[in-house]
Amino acid sequence: GSTTDRTLADRFADVVNVKDFGAVGDGVTDDTAAIQAALDSGRKSVYIPEGTYVISLAESNHTYSCLVLPDGVTFTGESKNSTVIKRLPSERGADGILMVNKDYDTIGNYSAAGNIVLEDFTITDGGATGYRSTGDLIGLGHAENVIIRRVHSGNHDQHFVDIAGCK
């Protein structure tokens, strides 16, 4: 329930499905641009249905991360057993973080994107690789109010979640 009356259309407008932006989730197609478009849509909640979603640096608009999480977003999968976010196999040994909060690499003032919820999915490199300097699955920096629940880490060689300067 809610204390404020809202129409059903207004409530549905808060949520967007990555498939509405062209994500396929077949474990082969690079879904980076589609998922990022859903994240950048300005909606409060991004839903990722069952499937394996391949993401890459090649299709990203960020130098060191495949996906960038904006302020105030809830990123929700179907479940940790049925929604998988996976690095493109050909990039498995490359430097780069799979998912970061926007402006995570800023220093001080907790001014990076915060109020983020990550829930109900698995994130994986697909396999462990040799040494590289940046290969975390999730990187969060200089943010407030970040919640991670029911997120499973698959095979990887660096940190599952690297949190720096957050409160």
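Leaving aside residues up to four places away in sequence, Ala164 touches Leu140, Gly141 and His142, where a contact means heavy atoms within 4.5 Å. This comes from a predicted model, in which local features need pLDDT of at least 70 and side-chain atom pairs count only at pLDDT 80 or more, while totals for chains, interfaces and linings use all residues. Residues are numbered from 1 along each chain as its sequence is written, and side-chain values use heavy atoms, with hydrogens and water left out.

Ala164 sits in strand S12 (residues 161-164); strands (E, at least two residues) are DSSP runs, numbered from the N terminus. With a relative accessible area of 37%, Ala164 is partly exposed. That label covers the range between buried (under 20% relative accessible area) and exposed (over 50%), using a 1.4 Å probe and protein chains only. Asp105 is 59 residues away from Ala164 along the chain, and their C-alpha atoms are separated by 9.2 Å.

Now for strand S10 (residues 138-141), which is covered on both faces. Ile138 and Leu140 are buried on one side, and Gly139 and Gly141 are buried on the other. S10 runs parallel to strand S8 (residues 97-101), and 2 bridges join them; two strands pair if DSSP finds at least two bridges between them. Opposite Ile138 in S10 stands Met99.

Two residues other than glycine turn up with a positive phi: Asp120, near 65 degrees, and Arg150, near 55 degrees. Asp120 belongs to strand S9 (residues 116-124) and counts as buried because its relative accessibility is 13%. Arg150 is found in strand S11 (residues 146-153) and, at 48% relative accessibility, counts as partly exposed.

Conventions: Helix = DSSP H or I, 4+ residues; strand = E, 2+ residues; numbered from the N terminus.
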